[in-house]
Amino acid sequence: MPFRKQLLRLLPQAVLLLAVLALLLWFGHNVLENLRGRGIRAGFDFLSDPAGFEIGESLFAYDSGQPLWRAFLTGTANTLRVALPAIVLSTILGSLIGLGRLASHAVPRAVCTTLVETLRNIPLLLQLLMCYFALTSLLPEASAAISPMPGTLLTKGGLFLPGWGCEEGACGWSFPEAEGFGVSGGWSLSPEFLAVLIALTFYSAVFIAEIVRGGIQSVSRGQIDAARAIGLRPFQVLRHVVAPLALRAIVPPLGNQYLNLIKNSSLAVAVGYPELVSVANTSLNQTGRAFECIVIVMAVYLALSLLTALLVNLYNRLVALRGTA
Amino acid sequence: MKIPTFRHLLPLGALLAAAFCPPAQAGKTLDAIKQRGNIQCGVSTGVAGFSLPDSQGKWSGFDVDLCRAIAAAVLGDANKVSFVPLNSQQRFSAIQAGEVDILARNTTWTLNRDASLGLSFTGVTYYDGQGFLVPKKLKLTSAKQLKNAEICVQSGTTNEKNLADYFRSVGVKVKPVVFEGFEASFKAFFSGRCQAYTTDISGLAGVRNKEAKNPDDYMILPEVISKEPLGPAVRRGDDEWFAIVRWVGFALIEAEEQGITQANVDGIRAESKDPAIGRLLGTTEDTGKLLGLDREWAYRSIKAVGNYGEVFARNVGPDSVLKLPRGLNNLWNKGGILFAPPVR
């Protein structure tokens with residue numbers, strides 16, 4: 001009987017599923033029992049308690065009197081604040097380096113090859129620390145600020161740009177000015193932020209460069225010859241033949257690189273940039289809720305990664321469909 | 001450069017352990033230590049005066065001596081200690097998970113930590129307070145002048161919260177720059193990234209005298225913005241072990257009060273007719289059996305590290321680079337607040 005056959009086929013799977021569920025329940029029960037047995041408080045109720053600590057920089061208003069979940073939100077926003085620009089910049093830079101490695105001229109080829117081989121073989125953490133200590137040691141104090149462009153200031157305290165802002169109802173442009181210990185007015189980018197952005201961008205860019213180079217080289221010689229044979233110009237060959245074919249090979253590994261970049265941003269904690277892991281570390285210690293804080297960090301990274309993967313997959317489908325017979 | 005270790009995964013490991021092990025009673029720490037033949041002592045990754053390894057990997061410091069004293073009392077040998085360096089985030093998970101028997105890691109005793117982390121503080125071994133280190137060239141005289149300043153601080157400490165509380169209460173806005181590592185935090189300060197550096201005053205003295213290129217370029221501001229009672233902690237639920245750690249601490253204080261030192265302890269033990277000394281050193285009454293130890297427990301501790309005053313002088317006082325005054329950490333009859341209950 002087909003029904004019986006189907007049942008027989010599904011039965012082992014159902015049993016396995018139940019066993020896994022039972023195991024998970026047993027684990028959960030044990031965790032709670034053990035925590036209680038050891039006198040450790042557990043649960044996520046602490047998220048509504050006042051945080052009690054300040055966060056150095058944030059995209060939106062935050063102070064120590066606000067609940068802990070706001071602190072986590074601020075940390076997550078700081079992670080995105082550095083990861084998203086790094087994704088955009090590393091894609092542009094990576095594509096240029098990748099093209100440079102295929103250049104017919106020897107000089108750009110040598111420069112790009114050196115860049116790739118150096119940067120991808122040094123651990124990101126070291127690059128990050130080097131970048132940070134270079135910024136904080138070499139830049140001048142606020143009193144001797146350098147002005148790379150009119151209206152901007154560069155000091156140990158970071159890069160200050162003219163910014164549009166509102167204060168006490170009055171809106172307008174404000175320009176950075178050296179004042180007291182630091183610089184007031186305008187928009188500021190802290191040296192921690194700059195170090196993380198620069199290190200992440202360069203580190204990811206050289207991997208992206210290799211992906212771009214590989215993608216372009218995967219286009220078979222015959223296709224290019226054929227395109228030339230029908231009279232297309234070199235740019236047209238790139239635009240209409242090489243790019244669509246190369247993108248198919250480039251997009252999936254590029255997505256992986258974006259995922260890596262987002263997760264690598266957690267190294268920012270080493271140079272004091274207040275991203276998610278840094279905020280979670282502080283919260284963990286103020287509240288003692290180690291498991292909960294780590295679970296939150298894992299959940300946020302998982303969500304960000306899944307979202308990125310989803311977007312890349314959607315784009316990949318768009319690219320892959322075209323040209324498929 | 002800190003070497004990454006898997007200890008970052010401790011909380012996760014503890015969770016896995018908790019998931020796999022069926023609920024059980026707290027183990028007998030003392031039995032486990034005797035069987036193992038050494039004490040696992042959780043210390044800092046390197047704080048001058050409290051716990052710091054030298055170039056040969058030999059640990060020294062206030063917290064280190066406390067662990068040695070306990071090892072001498074329990075195992076009869078002050079060297080039977082393994083020091084487990086823990087950063088601020090790892091420390092509580094390490095004691096909860098049972099990786100260390102005692103957490104002697106300049107840790108501040110607070111209600112939250114005492115009541116909700118599954119551990120118990122055995123007492124205060126060092127009364128500290130949080131302060132600020134600033135370059136002299138800024139010509140500051142008070143922490144209240146730090147308006148809009150950037151302040152370097154290490155994450156995972158009570159210092160972060162005190163910093164926010166203090167400047168909120170005096171209505172001054174400052175910007176914290178928070179580092180995960182102790183080293184990274186003071187290095188950034190010395191590079192000029194921050195106008196001030198904050199931690200416990202004992203820590204400030206260590207950083208200033210040991211890490212600054214020229215210590216005289218820096219000064220500690222007069223404000224002490226918090227109470228930081230530092231002390232060892234043990235896992236909750238093992239009262240026997242708790243009592244041993246607590247009383248070894250008291251014995252060292254009692255020894256100072258009785259004038260017993262590392263050098264004269266043998267002579268005093270042989271000659272003294274004082275009943276209080278007889279009880280402490282085990283020549284008359286056996287106080288050790290009440291703790292699950294033998295009668296010479298306190299004698300061995302004192303013989304191993306000296307009395308409280310000697311431990312203080314050697315690690316953080318006049319004989320060390322920190323040169324900290326005794327201040328609150330003096331005996332109750334000498335202007336401090338150290339007061340050991342009677343050993344009887």
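Residues are numbered from 1 along each chain as its sequence is written, while chains are lettered from A and ligands numbered from 1 in the order in which they are written. Because the model is predicted, local features need pLDDT of at least 70 and side-chain atom pairs count only at pLDDT 80 or more, whereas totals for chains, interfaces and linings use all residues.

**View 1. An open sheet of 3 strands in chain A.** The strands follow the order S1-S2-S7 with antiparallel pairing. Strands (E, at least two residues) and helices (H or I, at least four residues) are DSSP runs, numbered from the N terminus, and two strands pair if DSSP finds at least two bridges between them. Strand S1 (153-155) and strand S7 (187-189) of chain A each have a single partner strand, so they stand at the edges and one side of each lacks a neighbour in the sheet. From one strand to the next, the twist averages 20°. S1(A) and S2(A) make a hairpin with 2 residues between them. Strand S2 (residues 158-161) of chain A is joined to S1(A) by 3 bridges, and A:Leu154 stands opposite A:Leu159. S2(A) is also joined to S7(A) by 3 bridges, where A:Trp187 is the bridge partner of A:Leu161. In a regular strand the side chains alternate between the two faces of the sheet.

**View 2. The surroundings of A:Asn316.** This residue belongs to helix H9 (residues 290-321) of chain A. A:Asn316 counts as partly exposed because it has 18 C-beta neighbours inside 10 Å. By this count, a residue is buried if 20 or more other C-beta atoms lie within 10 Å of its own, exposed if 12 or fewer, and partly exposed in between, with C-beta atoms placed from the backbone. Beyond its neighbours within four places in sequence, A:Asn316 is in contact with A:Val251 and A:Pro252. Contact requires that the C-beta atoms of two residues, placed from the backbone, lie within 7 Å. The C-alpha atoms of A:Asn316 and A:Gly255 are separated by 9.2 Å, although these residues are 61 residues apart along the chain.

**View 3. The packing of two helices in chain B.** Helix H3 (residues 62-75) and helix H9 (residues 239-257) of chain B have their axes 10 Å apart and pack at an angle of about 105°. Each axis is a line fitted to C-alpha atoms over the stretch in contact, and angles run from 0 to 180 degrees between N-to-C directions. H3(B) and H9(B) are therefore roughly perpendicular to each other. Angles from 65 to 115 degrees count as roughly perpendicular, under 35 as roughly parallel, over 145 as roughly antiparallel, and the rest as oblique. H3(B) contributes B:Leu66, B:Ala69, B:Ile70, B:Ala73 and B:Val74 to the contact, and H9(B) contributes B:Ile244, B:Val245, B:Val248, B:Gly249 and B:Leu252. By class, these residues comprise 9 nonpolar, 1 polar and no charged. Ala, Val, Leu, Ile, Met, Phe, Trp, Tyr, Cys and Pro count as nonpolar, Asp, Glu, Lys and Arg as charged, and the others, Gly among them, as polar.

View 4. Of the 9 residues of helix H7 (residues 182-190) of chain B, 8 are buried, so the helix is largely enclosed by the rest of the structure. Among them are B:Phe182, B:Phe186, B:Lys187 and B:Phe190. The buried residues of H7(B) pack against helix H4 (124-138) of chain A, and in chain B against strand S9 (150-154), strand S10 (175-179), strand S11 (196-200) and helix H8 (201-211). B:Gly192, whose phi is positive, near 95°, follows H7(B).

**View 5. The contact between chains A and B.** Chain B supplies 43 residues and chain A supplies 41 residues. The elements of chain B that each give at least two residues to its side include helix H1 (10-20), helix H6 (158-169) and H7. That side of chain B has 18 nonpolar, 15 polar and 10 charged residues.

View 6. Most residues other than glycine have a negative phi. B:Asn148, which is not a glycine, has a positive phi of about 60°, and B:Asn148 is found in the loop between strand S8 (130-135) and S9 of chain B. With 15 other C-beta atoms within 10 Å, B:Asn148 is partly exposed. B:Lys323 has a positive phi near 50° and lies in the segment after helix H14 (308-315) of chain B. B:Lys323 is exposed, with 12 other C-beta atoms within 10 Å.
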